[in-house]
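Please consult the sequence and the structure shown below while reading.

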Amino acid sequence: MINVRAIYLGNEAEAYILDDFIDGINIINSDDNHVGKTIVMQSIMFAMGSEAMFPHNFKPKEYVFIIDLDVDGEAISILRSRDTFAIKKRDELVFEESKRDFDEFWSDNICALPSIIKDGKLQRVGLPLFNQLSFVNQTPRNTSSLIGSYYKKDDFKEMVFAIVGLDARQLDSQAERELKDRKGKLKTRRKELAKLVRDLREWNFACSDKSYRRPRRNQ
């Protein structure tokens with residue numbers, strides 16, 4: 001179980017701290033709009049390795065993000081500046097210079113990230129896919145337009161299966177490819193038959209109409 005204990009973000013000119021999270025469900029609210037509620041949520045995800053999803057007027061490259069986590073009773077702190085990470089776990093301090101390296105560290109040392117089959121390859125996924133399909137923005141824009149539409153709904157389902165320990169999709173075997181090919185041909189045939197049924201119904205209606213006269217064949 002991963003619990004957020006605190007989130008910090010700031011730079012030399014300004015800073016914000018939210019450190020009164022409790023176990024269970026936390027609701028962040030205010031009486032006014034545009035006071036930073038969404039940025040707090042986005043900062044939490046960003047500090048744990050997600051792509052930036054901030055509003056256009058917020059410049060994440062100008063800020064440092066720190067998050068305190070409780071992972072199964074163990075305190076872990078993560079600092080992120082752009083795509084550089086510093087992770088404090090027990091008395092160990094680890095630096096990772098890219099998001100890919102951070103994902104590997106997270107999966108190996110904090111919590112195993114799920115893997116799915118995408119475009120015929122086994123890929124490790126995590127917060128980017130979760131955010132794209134689950135994070136609801138207040139603005140009219142959707143997450144696929146903010147961080148790309150590489151992942152689809154089926155990928156999210158596969159991630160959920162992987163999280164609970166079910167096997168992800170396997171690479172297509174020869175039998176599976178043949179079945180998919182047959183499925184495609186059957187769909188095409190179904191459309192052809194549906195069109196034929198519509199044509200026959202129209203013909204039957206026309207023949208039953210007394211005002212309709214069947215054209216004569218040329219003698």
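## Terms and basis

On a 1 Å grid over the protein atoms alone, a cavity is a set of points where a 1.4 Å probe fits but cannot get out, whereas a pocket is an open set with protein on both sides within 12 Å along at least five of seven lines; lining residues have an atom within 4 Å of a point. Grid points are joined across faces, edges and corners, and a volume is the space filled by probe spheres set on the points.

The model is predicted, so local features need pLDDT of at least 70 and side-chain atom pairs count only at pLDDT 80 or more, while totals for chains, interfaces and linings use all residues. Residues are numbered from 1 along each chain as its sequence is written, and side-chain values use heavy atoms, with hydrogens and water left out.

## Overall architecture

The protein chain holds 6 helices and 8 strands, taken as DSSP runs numbered from the N terminus (helices: H or I, at least four residues; strands: E, at least two). Their order from the N terminus is β-β-α-β-β-β-β-α-β-β-α-α-α-α. Of the 219 residues, 29% are buried, that is, under 20% relative accessible area (1.4 Å probe, protein chains only).

## The largest pocket

The largest pocket has a volume of about 1,500 Å³. Its lining comprises 49 residues, and Met45, Met48, Gly126, Leu127 and Phe130 are the closest to its centre. Two or more lining residues come from each of β1 (2-10), α1 (37-47), α2 (99-109), β8 (121-124), α3 (127-134) and α5 (153-163). The greatest contribution, 7 residues, is that of α3.

By class, the pocket lining has 31 nonpolar, 10 polar and 8 charged residues. Here Ala, Val, Leu, Ile, Met, Phe, Trp, Tyr, Cys and Pro count as nonpolar, Asp, Glu, Lys and Arg as charged, and the others, Gly among them, as polar.

## The cavity

The whole structure contains 1 cavity of 30 Å³ or more. Of its 10 lining residues, Gln42, Met45, Glu51, Met53 and Asn131 lie nearest the centre. α1 gives the most to this lining, with 3 residues, and the lining divides into 6 nonpolar, 3 polar and 1 charged residues.

## Helix α5

In α5, the buried residues are Asp155, Glu158 and Met159. Viewed down the axis of α5, these residues fall within an arc of 105°, so they line one face of the helix; the arc is that of the directions from the helix axis to the C-beta atoms. Just after α5, Gly165 adopts a positive phi of about 95°.

Notes
Buried means under 20% relative accessible area, exposed over 50%, partly exposed in between (1.4 Å probe, protein chains only).
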